[in-house]
Structure formats: C-alpha cells, structure tokens
Amino acid sequence: MSSDLFPPADTPPPADDSRRTFMKQAGGIFGFALAAPLAGQAERLTAYSKTVTGATTLTLRINGQPRTVQAEPRVTLLDALRERLDLTGTKKGCDHGQCGACTVLVDGKRVNSCLTLAITAQGKEITTIEGLAKGDELHPMQAAFLKHDGFQCGYCTPGQILSGVACVQEGHAKTDDQCREWMSGNLCRCGAYANILAAVREVADKA
Amino acid sequence: MNDFSYTQATSAKEATSLLKDQPSAAYLAGGTTLLDLMKANLAEPPQLADINLLPFKGIEQTSDGLRIGAMERMSDVGENALVVQQYPAVSQALLLAASPQLRNMASIGGNILQRTRCGYFRDAAFPCNKRVPGSGCPALEGDHHNLAILGVSERCIANAYPGDLSVALAAFDAVLTLENQKGKQRRVPVTEFYLLPGKTPQKETVLEPGEMIVAATIPSAAHARRSAYLKVRERSSYAYALASAAVGLDVQGGTIRAARVALGGVGAQPWRSREAEKVLTGAPATEATFRAAATAALQGAQPREHNRYKVELAQNTLVRALQQVAAT
Amino acid sequence: METEPQFFETNAAPTVVGQPMNRVDGWAKVTGHAKYSAEYNQLPGLVHAVLVTSPVAKGRVQRIESSAAQKQPGVLAIFTHENLPKLAKTPDAPADKAALNSPMGFMPMTSDQVHYAGQTVAVVVADTLERAQYAASLVKVIIAPEAPVSSYQDPKAQLYVPKSVKGMPGVTKRGDAQAAVQKAPMQLAATYTHATIHHNYMEPGATTAHWEAADRLTIYETTQGVSETQKTVSLMLGLATEQVRVITKYLGGGFGSKAWVWPHTVYAALIAKAVGRPVKLVLTRPQNFTSMGHREEQQQTLRLGATKEGKLLGIVYDKTATTSPWDDYAETNSRIIGMLYHLPAYEATYRLAKSNVMTSTATRAPGDMPGSFAIECSMDDLAAQLGLDPIQLRLLNYADIDSSTGHPWSSKSLKECYARGAELIGWNKRNPKAGATREGKLLVGMGMATGSYPVHNSQGNARVRLYADGRAVVQAGATDLGTGTYTIITQVAADSLGIPPENVRFELGDTVLPSTQWSGGSTAAGRVSSSVYLAVQEVWQKLIKLAVMDKKSPLYGAKSADVAAEKGRLQLKANPGKGEAFGEVMKRASLGDIEGSALGRYGSNYEAPQTTANADPNKKENAAEHSMHAFGAHFCEVHVDPELGTIRISKWVSVIGAGRILNPKTARSQVIGGSTMGIGAALMEQTVRDPHLARYTNASLADYHVPVNADIPEMTVEFIDEHDPYVNAMGVKGIGEISIVGVTAAVANAVFHATGRRLRDLPMTPNKVLAALREPA
C-alpha cells in the first residue's frame, strides 16, 4: 500500500500547497489510501475528460491485473465484476449499500461496489476476494475466518473479509468494542458475528 | 437505472455548464445517495457530471473557522485531528453515520444533500407529496414511527434530512459555500439551507438548479470544542437516528456562558433549537437546567400516534448529551 | 427397534466425529470460489429476467402497457398473465397444492388477479441485467384497485378458526383446561404480540434455468431441497421427474423460506424455454420481502392456572394471525406450549384472518420460536408472582414424560442445561428482586428461558464409493445452508470408513445424486449422517463377504457375522489381531472401488419405520414409542437505558442437549447464529405494512433491521453429552432450530429483571421500553 510518490508522515508539506492542512493529516492517518488516487489523477484528467454514452470499453485494474469490460456508464463495479468478468466472489445482497456483501477495496479503502460505477473505478487499484490469497496461501484474514468459523453460508464472507482487512489496516480493530462497531457495515444473517470478531481481532493483534 | 451519459468534469465550470445544457442532469460525487435513488427509479438523470476531480477539497483553518471541502469524504473528515479536537460533535456525527464503507465513499456535500428514509418516499408505488406533489401523504395515517415531529406540515412529515452531519453543522453555525453556474459563490448558513415542507415538501433546500456545495465552514468556538453528538437508534450501529442531539457548552464556574443545541431524527430538517439555547445560556449547568432546555426544545412538537414517543426520547437524548458534555 | 447398526456401537471411540474440524467448504468460501446459484455465467447465451410487481395489494389487472419497454435495446420478451406459457399444473386447488408441495395455493400471473402488493405481474427478459432492469421499470401495469385487508388487526378482517394448520387441528383439547384454569388458586393471563419478520437471508432468491435439450431442464436454484424442487418444477411443467435436474452447491442462507418452490423459479424455467436461452432471475432485495414468505404477525393469549406452590394445572391458549387470501398457513405455536412442562390440561385455538399479503411460511423453528415467547414469559411471570427463582419454577414443572403424547422422552438433559447455564452466566449473583440492579444510569438484568425443538421424522438416501487407494466419494442430494453439512458428513464418512477426512470428498446439492429430503426442520445432520454411516456399513458387509471367501485372507472361513470393521480394518470381533486392511481385500479381488448405499431414517421413521416413501416431517411423530426433542436453555444479561429506551445484550450463554454433536465448531456457529437471529426478533426486527394500502414500508436492509456486529456480545455455548439410541443411527437430534427457541423470552425475562416491567410486544424497540417504564412496576 505504500507509495514513494507520497511523502512520509513527518515530511513537512510545501508551503504553497493549498491542501497542506489536510495533507498533513492524511500523511499520518490515510497516507496509504490517498497515495494511489493522487498518483493516478493526472493520467485520468487527460484520459476521461469527455462524455461517455452507451457501452464503451472500460479498463479496470483488478487484483493487479488490467481487465477490460464492455459496459454502459450505468454499470456498477459490482455488476461489472459479477456479470461481465465472472469474478463472482463479490456478492450482491441488497444492491443499495445496506448490507456490505459487495465490499471491495478501491485504492486500499473499503467501499460498497454496488454504489460505485465501474466507469469511475478506472485508474484505481481494485482488490476483490479473489485477489487476497497468494496462490494456495491464504491471506491471514482468510485463514482466521476459517479457524474461527467466521461464517456459515459464506455469502457475506468475502465482504466481511475485505472489510476486516481494511478494518485492521485502518487501526479500527484494537479493542473488541471498536472492532464490533467498525465491522458493523457488513451484515451476517447466519449470525457469525461473535466468530467474525474473534477472527478480525486475532489478525489485528498479530499485525 | 436509466442509461445516462457520463462526463468526468475537470472543473466546476465544466460541471456547471453541463447542467446548464441539460438541466435534468445530476452531479455525481460519492454516489451513495444518487445511485441508490436511481436504482429505485426515483431519479432518472439523463446525464451525470462526475465532480470527484473538482478541487473542493482540504480541511483547513481559515479566519472564519475550519473550512471543509465539499468533496472530502466522511471518513476522512470524521477522523481529521482538527475536527476531532475542535468539533468533537461533528466528528462523532460523521463516525456514527452509515457504515465504514459508505463513509469512505460519501462526500460532505453529498451527505448534506441526502434524502429522507420515509418509506413512502422511497417506494414509487406509494403516493408521496415530496415525490409527486399533490399525490398525498399516506404516512400521516400510516407508518410514521420514525418520521418527524418538529417543523412538519399536513403535506409531509418526513425528516427530509435523515442523517447526522448537518445536525452538528446546524448546531455550530456552519456556513455552506455554494457556487452557481456563473461561477458566482454565495454563503448560506446550514440553518437556512434546508426548507420546511409547508405546502411544497418537494423543495427541500435553497440550492438553485445547477448550484453546487463547495465547502462548509464551521466557526471556531469554545462551545464547539466542548461538544458531543448522541444518537439513539433501533440497533447499535448502521441505522438512522430515532433521535439525536448535537450539543456544545461553554461552562465557566458552573454557569453556562454559551450553548448550542440541534436535534436530529425528529425535525423535518436538522433542528437547531435556539429555544433550548436560551434556557441554557446564563443558567447553572445542572440537570434541572438541561431538563428545562429539553422541554423548550420540544415545545412545538406535533407528534402523531406512532411517533409520540419521540417527544420524550428527544428530550432525554438532549438531556443526556448535555450531561455528557457538562461532565467533560 | 430396528436391528440396524448404530454408530456408537461400531465407532465407540471416533477420531474425527465430535472434533471441531474446520469447514471443508471453508477454503472455497473465504476465497470467493464457492459458486452460488446466480453465478453460472458460462452458460451459452445467458440472459436476464427481471420481475415487474404490483404496486397495489388487491385488484385486477386491466391492461399492461409494455410497448415502451419492448422498444428498449436488448429486450427479448415481456411476459404477463396474457402470454405466459401455460403450466401443466398449478397449486390453486388444495389437492394440487399438496401434490406439488407448494408453499402457496396460488400462482400469480396465471390470471388477472392481484392478491398482494409486490405480486409479480410481468417479467422482462433482456440481454443484460441493466437493460432488463430499466425495461422492467417502463412496464406500466394498470390495475383496478380494491380495498385490501392488511392484517388480522384490520377492522375489515374476518377471523375464523381453520380446520387445521400444518396438519394440526384448529382446536386442540386435552382434559378440561378451561375448568382447570378457572379453579386454579394461581391464575395468570397475558397477551403477546409479534411483528411480521422476514428471513432476510443474505443471498437473494435466484434461479438460473437452462434447457440443455428440448426435454431436459437444469436449474441452479437457491433451495434447501433439490429433490423437492425437482418434483415441484417437473410437475408444474408437465415433465418427468428425471427430466429436471436441480443444482445447489452453495446456498446463502435459507432459514425455512428456501425450503419451497416459489413462483419466480417456475417463471424462469418457462421463460428460458420460451426465449430459447438460459435465463438468470435474481430477486431484488425488496422483491425478497414479497416473494418467498415470512413469519406472520401474530398475537398469542396464554391463560394459565397453577397451584399455590407453582405447579401448572392447565393452560388455555389462543393464537390469532394474519394469513394469505388463499392459505390457512400459520405457525403451530401450540405444540411447544403443550409439551414444554408437565401439563395436565390444555386447550389451544387458532384464529386466522385472510389478508392481502403474501403467504407466510416456515421460518426457523416455526411455531416453537414464537410459542416459546408466550410460555417462557408466562413462566417467568408466574415465578415472579410466587417469589420463586425462575429456574426453580421450571424444575418444579419439569416434564419427565411428554404431556402431549404420554410418551417417555428418548433422551432429555434439560436439568443439566439449566445447571450449567446458571453456572456459566453467574446466576447465583443475580439479585432475586427485579429492577434492583444498576450500573450507573443503566438497569441491569439477567434472564433465562427454556428451548426445545422436536426431532421430526424424515428419511433419505446416500451412496459411498470407497476406492482401493483409501480415498472415498460420498454422495447425497442434500443441501448445506451454511449449517456445516459438507463438513459433518465428511467427518462421519471418515470415521465410518476409517480414513482421514481429507481422503473423503462429499458431494451434495444435485438431483443426480441419491435423493434425500430437504435441509429443514433440523433434520439434515441426523438423516444424512445416518444414511452415509449405513451406506458405509453396506460397503463393509460386501468386503467382509469377499474376505471370508478369499483363501488368501486371514479371515478366510470366518462367519461374516463374526467379522467387524474397525478403523478401516476388517477383523474378527473375538480376536481383533486377526484381520487385514480393506485395501488388501480389494487389491486381491482387483476391485478399484466398491459402493454401498443406504436409506437412512430419522426420528419416528427410525424408531417405528413407516412404509411411506415420502414421510411428511410434520406428521406421524406419535407413531414412535418415544417423544423426541432437543432441549436447551438460553441465559443472558442485559443493560437497559431507562431514559433512551435502548437494550443492549451484554452476556449470552446457551447450553443445549441435542444428542451427539458431530462438530462442536459448526454446532457452536449454529447456536450463536440462532441466538443472534432471536436477539434480532427480540429487539429490532419488524416488517411494517401500511395499514390502509397493505404494502410494506420498510422492505430494505436499511429500514428492516437485522442485528449488526455491534449488537452481539461474546457468546458462550456448551453442549451436554447425550446418548440417544432412538432418534437415528447416529444419535443426532439437530441444532439449527433449537438455537433460536427461547431466545426472545430470555431477553424479555432479562429486561423484566432489569426494569420490573414486562414487555410483551416484539420487537422491544426504544419506544416500547420508554412506554413500559412510564407505567408503574
């Protein structure tokens, strides 16, 4: 997540930077998350400053790989993944940002892919559940979910796991209560919350 | 969802001119409100102007107070050290709202413009005066257990703004900077930004067609530094408020020198209560004072059968919030 | 009793069964590779179908304006009641409904009749999801509306006593309960009300229908029973059973609603045929609220009579509920109320009101879940009135036999559940006085309630193929709702075969596999494990026969009956040293593999075998000599904010006796899951219907609140070791449903202890807490 395009937290920002207050904060708390969009901005300015109508070819960078997809502007990132790229690990539970099953990481931040247009996700780094394991080696969060039985039916699980990864990265899994609150954007109807908590907290404690 | 055209605007001018050519077009920021409505076919803009690259960013100290760019995300603002230190109630309102994912997406401007959760508004199969003026309001005699009791009209009892941030902004005298299609900016206090439903519940804010929110500026004040946001809901998280209170107190020697009070979940708009502030100002910081302030705040309430409980709940919420702040 | 072998006899010291093994399907689920029913995108020419639903709750379709939708790019077809291909059979007649195993006696879109808001009135098919969705929004259905009846509370509602509900008579009488209550020195009467509740499984209802040939249909379906779906769909389409194949490899929760075939599944099949393309149909979240049933809103009145010491003398019980215009469906709450305690006299009556709503349906522990609220709150009230400890009162009324049948229990460890639960929660620290414990501004309370769930009868097939190399493929057309079926069956097969679990591949969720009944009624674990265990016994019998006839075998010449299989080794019972591994026998016989299959039975089917091939899981339980139930107790501590009206659960303990626990890890997950869902029903869940328009006002996951992570405290779950030889060959009772029974009462009893106020209207939202606290204690 780190980027050498972004100054380390203790580097004073340039005096003429109108965003200096924010940058200072961002460097400390959100550096990793902001790095990529800033880096990608110039490229996007030239590439996308035009009106798009109807289906066009979009390029999405998913799990480190560029993928192209034919889609109208109305196609959400979720439907691009599920219906066009056969990346069905990302789930649709409500399609309205009310359940968290569709959670993916965009430039390291967890978002609801059902309320993200695919066209706006171009030039960003998208991480889905399929991109978390390294070959057969599970990501520690995946392994912890397995160990603690942090799921039953498995349908909310990809969203829970990506949310858990982000939750730990954000530093919001330091206590049980904090972790419960910051994992509350992902509904689990099988009611595995107590086990999900154990999984996320274990990863946080090891981090 | 209709098949709209999409334009990535690179400047405010470009964005506003798109809406000049196509008045029913819409600005796309975080998308958490707009796409939600579009999926329910409650909004069908033929064109979206993506304003995410517009430079309405930054959280910076100005002579007027802390200026927060409208394109900042809720999560970033909620955890910003300046906001946390100078406006705890604003930070808490942001972080108690929605979910971490939605807070990462939603912009400050978009949050201020979110729409009611009234079930009759959200479902096009129902009549709704806000959606289709003159069609009626089944909520009056129907399900209104989480609708408003203050500032309502016979046409609409929705809490038009169901969120949290604007409640805190209203309490602490925040001023919105708006920019119109001519590039001209104007400043509107949050307390004057929202409109009461009256006979025209479809008109919710003073925003003119094509006008956009550029920033929110919150004046610096002792009562803002000593503030809190308390939210009561039907589940512990990821839910809209039944009642909430943003309060700030400047207490010296046990006497309240200045107070700010706004309520959420109970008003047709974020409900600043100057009546409560009047009771508090100059009075001792005691439970009796807080109780009197709460009574004053709910004086004009017009509850109905299923939201009558909100009078007591909002009063108790306000008292508790004041107690919490007084104890800090 | 059958002379069938039992697992505890042949596997006295299991190595895998009973262990907290990780889920075998876990890897697929945590990596996103588990494929659910709407994820078969590789089907050639797959198109999307989207439902158009009725805005009004009652009326007749006058006309449908679809030309604007038809003109949209990519639109292939629009179906309405005017052009939907005819079905061979519909469930509209009661006999056909039963034959079809349909959850509803009405098939929308076969006429102009609209019976409920959200009823399907048209289906749009297009090449992409977005195009289908948008075109669907353009279809205008003009309906002549009529005034609907919105619920049993509607002044227009007409209450009636049905002849029967789910096979139970509308009125049940045992002794003279009215007189018993009237004469009793202690009398209590109370009314309990329950909001409508939706299953709200995370995976929306979905069907992918693919005609692989003109007479061969494959359906990828969100169902708890592939065989039941196969049967219903084939009958409705006029096909032979084998012409329909149903596949459900992964199911994103069901909780009862996915136990049936709902209309949209049939539409998908019909439409796929009509357009000549595979069709994917996924319900939107709001459509899930009106397409696959719900738990009905209801009111229960319970009058009890007891001695001065607290012994129950009789109960008169009444349930009033909303049902659909075409069904008499209601949850059978009366069952648990009549059997949970020693009860000499009992009378129960059901009253229903036909209303313009979708039919209600099985929802996790149907009947027992809401019924337990009425009986367990009443028992708590009785204890409070008598100044008795709630556990003491329950022990005083402990049922040593089943009052409702007169039969002894097959096994029951409820006393142990009470004792252990009390110990775990710290019951001895509980102040007996209600409303007397505070923590700052918060009121603290501790409550408990009993749970119980019957061992329904059921049966099903399984097949085991053991390879000479020590690996095995095990097959049964079961489904895993997330309950752990994949895992527990792998464990049972591994121990029965004496091979490591990683050498077992268990296949389920496909009608080409040996058929078994649905996963519902907590039957799957015991039934499928028994089938597999018995299928393995058939493998052993075949191999033993081979060995004793094989001159090269150390077992040559022995009597088959003297040989047993022990951890994969065939050996003499009397002289275990004499024998050999199964692979040796197979190698010499040049057998690459060997198969066994068996019919496993569960519940009364096991103890008193029925001849019927398709046992109704709700009937014939009296045929057995034993009454079979799982029992348990839930305990919790709550913090109530008397000013804000909020209730937070701070501690949770469940102790359950449910026969053999095959896997304590997945079993624990079932129990915390049921408890969490029950906490939702206790504190926040309700679907609200507009009282005049009979349409839901909160059909979304933002406005219908299911619990979130922050609502749930640490949970302690324990199981009491039970050995039950009567329930099935594995001694398993099932835990999916007992996990939720008693939960709402445990919470309400804790709230009573905290506040001194009894809340009898679920969910206990802040408005109700504040109202209760305004009243004197």
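Modeller: Before we start: helices (H or I, at least four residues) and strands (E, at least two) are DSSP runs, numbered from the N terminus. The model is predicted, so to speak of local features we need pLDDT of at least 70, and side-chain atom pairs count only at pLDDT 80 or more, while totals for chains, interfaces and linings use all residues. Residues are numbered from 1 along each chain as its sequence is written, and chains are lettered from A and ligands numbered from 1 in the order in which they are written.

Colleague: Is Tyr329(C) buried or exposed?

Modeller: We count other C-beta atoms, placed from the backbone, within 10 Å of the residue's own: 20 or more is buried, 12 or fewer exposed, and in between partly exposed. Tyr329(C) has 23, so it is buried.

Colleague: And which residues does Tyr329(C) touch?

Modeller: A contact means that the two C-beta atoms, placed from the backbone, lie within 7 Å. Leaving out residues up to four places away in sequence, Tyr329(C) touches Thr323(C), Ser324(C), Thr359(C), Ser360(C) and Thr361(C).

Colleague: What is the strand order in the open sheet of 3 strands?

Modeller: Strands pair if DSSP finds at least two bridges between them. Here the order is β4-β2-β6 in chain C, with antiparallel pairing. The edges are β4 (113-114) and β6 (140-145), each pairing on one side only. Strand β2 (residues 59-65) and β6(C) share 6 bridges, and Glu65(C) stands opposite Lys140(C) in β6(C).

Colleague: Last one: how many residues of chain B are in contact with chain C?

Modeller: For an interface, list the contacting residues on each side. Here 28 residues of chain B meet 31 of chain C. On the chain B side, α14(B) gives the most, with 6 residues. By type, that side divides into 11 nonpolar, 9 polar and 8 charged; Ala, Val, Leu, Ile, Met, Phe, Trp, Tyr, Cys and Pro count as nonpolar, Asp, Glu, Lys and Arg as charged, and the others, Gly among them, as polar.
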